[in-house]
Amino acid sequence: MKISDLNRLDWRQDKDLLTIERKVSGLSDLESQSRTRLEELQRVVRDAEDGLVQARVARMLNETSGEKEEAIHARLSAARREIADLQADIEATKLAKERLEPLVAVAASEARLRVACQLLQPYKETAESLLAVLGKAVELNQLARAIHDHVVSHNLSGEIVGNESLRPLTQLVAWGALSDASGRPGGQYEYWRDNVDKIFR
């Protein structure tokens, strides 16, 4: 696994979770459309009720009305029926969303768990590789120190100083964090190695 591979392991893109979220989103859109239509119909009802009053006034005064009462009644009745249907739809939509909300939480939890399961094996393999690489690094570090110590203990420095190509032998390249002067692995490295062993035990 590479770091770039992690970008594809996004629990928010889980198919099961997205399916439920799309249902919730669709219900929210439906509710919004229903509420918009409901507001339109409520204006229609108010206008029709005002028109009905004006039509009755005109009838009482024997004046000509712009629209007959029967037509206004029909329009008013149709609007009220549609309003009742929309109110029932809105209530049903709210209940459906309430029933889906716990399923979204469950699907999100399961999606996160699936991603975690996919990460365990590469995480373990990465730790094992890191242990092997650093273990080899400790061995190389010990060898580097041993070579330098050999130069010092056999008093080779005098001959080396005047030879530019051999001069690196007079300088220690070993890193104390990996292993100390006695050749023992460094304290921090040993602590880390033991901790990794405990994690995967």
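The side chain of Asp14 makes a polar contact with the side chain of Arg114, at 2.9 Å. A polar contact is a pair of N or O atoms within 3.5 Å; within protein, one must be able to donate a hydrogen and the other to accept it, and residues adjacent in sequence count only if both atoms are side-chain atoms. This is a predicted model, in which local features need pLDDT of at least 70 and side-chain atom pairs count only at pLDDT 80 or more, while totals for chains, interfaces and linings use all residues. Residues are numbered from 1 along each chain as its sequence is written, and side-chain values use heavy atoms, with hydrogens and water left out.

Asp14 is found in the segment before helix 1. Helices (H or I, at least four residues) and strands (E, at least two) are DSSP runs, numbered from the N terminus. Asp14 counts as buried because its relative accessibility is 15%; buried means under 20% relative accessible area, exposed over 50%, and partly exposed in between, with a 1.4 Å probe and protein chains only. Apart from neighbours within four places in sequence, Asp14 is in contact (heavy atoms within 4.5 Å) with Ala111 and Arg114. At the start of helix 1, a side-chain oxygen of Asp14 also reaches to within 3.1 Å of the backbone nitrogen of Asp16.

Helix 1 has 46 residues, which should span 68 Å at 1.5 Å a residue; its end C-alpha atoms are 67 Å apart, which agrees. The expected span of a helix is 1.5 Å times one less than its number of residues.

The largest nonpolar core has twelve residues, including Leu38, Val45, Leu52, Ile72, Leu76, Ala79, Ile83 and Ile90. Helix 1 (15-60) and helix 2 (69-153) each supply at least two residues of this core. Such a core is a set of buried Ala, Val, Leu, Ile, Met, Phe, Trp, Tyr and Cys residues joined through side-chain atoms within 4.5 Å. Val45 touches Leu76, Ala79, Arg80 and Ile83, when residues up to four places away in sequence are not counted. A second, separate core of seven residues includes Leu17, Ile20, Ala107 and Ala108. In soluble globular proteins, nonpolar side chains tend to be buried together.

## Two asparagines with positive phi

Most residues other than glycine have a negative phi. Asn62, in the loop between helix 1 and helix 2, has a positive phi, near 55°. Asn62 counts as exposed because its relative accessible area is 74%.

Asn155 is found in the loop between helix 2 and helix 3, and its phi is also positive, near 55°. With a relative accessible area of 58%, Asn155 is exposed.

Ser179 lies in the loop between helix 3 (157-161) and helix 4 (187-199). Its relative accessibility is 0%, so Ser179 counts as buried. The side chain of Ser179 makes a polar contact with the side chain of Asn141, at 2.6 Å. Leaving aside neighbours within four places in sequence, the residues in contact with Ser179 are Val138, Asn141, Gln142, Arg145, Arg184, Pro185 and Gly186.

Ala146 is found in helix 2 and counts as partly exposed, at 41% relative accessibility.

## Rings and a charge

The structure holds two aromatic pairs. In one of them, the rings of Tyr189 and Trp192 have their centres 6.2 Å apart and their planes at 35°, so the pair is tilted. Rings of Phe, Tyr and Trp (its six-membered ring) pair if their centres lie within 6.5 Å; planes under 30 degrees apart count as stacked, over 60 as edge-to-face and the rest as tilted. Both residues lie in helix 4, three residues apart, about one turn of the helix. Tyr189 counts as buried at 9% relative accessibility, whereas Trp192 counts as partly exposed at 25%.

Elsewhere, the charged end of Arg112 sits over the ring of Trp11, 4.7 Å from its centre. A charge sits over a ring if NZ of Lys or CZ of Arg is within 6 Å of the ring centre and within 35 degrees of the ring normal.
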